[in-house]
Amino acid sequence: MTPTPTVNHPATTFLTTPTASPTPRRTPPTMTTLDQNAAEDLFPERFQPVALLLAFLLPGLGHWYLGLRRRARLIALGVLGLFACGLLTAGIDAVDSGQFYMPASTTSPPIITPVDREMVGIIGTLFVGPVAIAVDQLHQRRFKVLAESYLGGRPVLIRRNAKPFEIRDPATGLAIAVREPITGNPIEFKDPATGTKRLSTLADRPPNVPSLGRMREIGGLFTCLAGMLNLIAMVDAAWGRKRSTDPDARRR
Amino acid sequence: MHFSYRPFIDALSMHGTWYIWIVPMAFFIAVAYKAVRSKKLDHYWREVLVMTIQTLLGMAALAAALWLLAEVFVKSWMNA
């Protein structure tokens with residue numbers, strides 16, 4: 001009796017006859033401690049959403065949460081230092097989300113405010129977090145004035161910086177002219193505090209002196225850079241750092 | 001009209017010497033950047049100082065190159 005010949009079908013060959021590897025399998029090299037540290041630096045443990053949120057709420061807080069106390073303090077110093085320098089150079093105008101238009105009466109339809117350059121510039125600054133948002137809201141609601149204007153031939157109210165010859169009515173936010181616009185001579189106006197008419201003095205001043213030219217550019221650059229650096233810190237806290245369980249972490 | 005200056009509210013009047021602010025700008029950028037990127041903080045302040053100086057020298061070199069381009073080359077091309 002002759003043995004049945006084995007048919008090696010191409011599709012089943014791998015099941016019956018294991019093919020030999022052309023080259024012998026190499027054993028993986030053993031990793032040194034240095035390599036392992038480098039690999040851990042490259043591949044973080046996991047995404048840290050709480051650290052990301054905290055880093056946005058206050059610069060450095062994400063790293064503080066991860067146990068990296070010294071890094072947290074230094075990040076806060078760098079980001080908030082830049083932000084403070086912006087306010088110091090350009091004043092509160094350094095954080096400005098732009099001029100807003102609103103209907104002149106409550107019965108008028110809403111107005112879509114045209115996007116201007118200031119609105120684009122504020123995007124970078126907003127990454128500083130609630131501090132920047134609070135300063136912008138303070139600027140919009142306590143320092144800007146409401147004045148009558150026109151948009152596309154339609155009467156509107158515009159929220160804008162006060163001019164040097166205007167003061168702000170604290171109750172309504174409306175602009176009140178207290179000087180001649182060209183000569184700067186005092187004029188009679190109705191004092192919103194007392195309700196009486198009187199001539200203006202130097203104490204009647206706009207809520208803030210608007211920043212213009214180079215100082216406006218430098219101030220905006222400072223605050224925008226603060227936001228961009230905090231964005232880097234947020235990414236680092238969320239993806240780039242492992243949570244430290246080392247009691248000596250406060251030194252790192 | 002000259003109103004008294006109130007810090008953090010009014011703008012500074014330093015239009016002629018605005019470039020002085022590049023120094024604190026470079027310093028605070030280095031403080032935040034090195035706090036994130038340095039593997040160890042053993043020589044942190046030295047690294048911050050080096051990065052600040054590098055940034056200032058780089059900006060000075062860029063300013064010099066742009067001055068050469070605008071004042072020397074472009075003007076000579078326009079006169080030619």
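Me: What makes Pro181(A) exposed?

Reply: Pro181(A) has 12 other C-beta atoms within 10 Å. A residue is exposed if 12 or fewer other C-beta atoms, placed from the backbone, lie within 10 Å of its own, buried if 20 or more do, and partly exposed in between. Pro181(A) is therefore exposed. The model is a predicted one, in which local features need pLDDT of at least 70 and side-chain atom pairs count only at pLDDT 80 or more, while totals for chains, interfaces and linings use all residues. Residues are numbered from 1 along each chain as its sequence is written, and chains are lettered from A and ligands numbered from 1 in the order in which they are written.

Me: Where does Pro181(A) lie in chain A?

Reply: Pro181(A) belongs to the loop between strand 5 (175-177) and strand 6 (188-190) of chain A. Helices (H or I, at least four residues) and strands (E, at least two) are DSSP runs, numbered from the N terminus. Pro164(A) is 17 residues away in sequence and 8.0 Å away in space, C-alpha to C-alpha.

Me: Why does Trp21(B) count as buried?

Reply: Trp21(B) has 21 C-beta neighbours inside 10 Å and so counts as buried. Its place is in the segment before helix 1 of chain B. Leaving aside neighbours within four places in sequence, Trp21(B) is in contact with Cys85(A), Thr89(A) and Ile218(A); contact requires C-beta atoms, placed from the backbone, within 7 Å. The C-alpha atoms of Trp21(B) and Thr52(B), 31 residues apart along the chain, are 13 Å apart.

Me: Why is chain B called more spread out than a compact globule?

Reply: The secondary structure of chain B comes to two helices and zero strands. Its radius of gyration is 19 Å, well over the 12 Å that the globule rule gives for 80 residues, so chain B is more spread out than a compact globule. The radius is taken over C-alpha atoms, and the rule is 2.2 Å times the number of residues to the power 0.38. The C-alpha trace of chain B spans about 55 × 45 × 15 Å along its principal axes, and buried residues make up 20% of its 80 residues.

Me: What makes up the contact between the chains?

Reply: Chain B gives 22 residues to the contact and chain A gives 35. The side of chain B that touches chain A has 20 nonpolar, one polar and one charged residues.

Me: Which residues touch the most other members of the largest nonpolar core?

Reply: They are Ile75(A), Val79(A), Leu82(A), Phe222(A), Ala233(A) and Ala32(B), out of 52 residues in that core. Such a core is a set of buried Ala, Val, Leu, Ile, Met, Phe, Trp, Tyr and Cys residues joined through C-beta atoms within 7 Å. Helix 8 of chain A supplies the largest share, 12 residues. Beyond its neighbours within four places in sequence, Ala233(A) is in contact with residues including Ile75(A), Val79(A), Ala32(B) and Val36(B).

Me: How are strand 2 and strand 3 of chain A known to pair?

Reply: Strands pair if DSSP finds at least two bridges between them. Strand 2 and strand 3 (residues 154-160) of chain A pair in the antiparallel sense over seven bridges. Ala147(A) has Ile158(A), in strand 3 of chain A, as its bridge partner. In chain A, three strands form an open antiparallel sheet in the order 1-3-2. Strand 1 (100-103) and strand 2 (145-151) of chain A are the edge strands, each pairing on one side only.

Technical notes
Two residues are in contact if their C-beta atoms, placed from the backbone, lie within 7 Å. Ala, Val, Leu, Ile, Met, Phe, Trp, Tyr, Cys and Pro count as nonpolar, Asp, Glu, Lys and Arg as charged, and the others, Gly among them, as polar.
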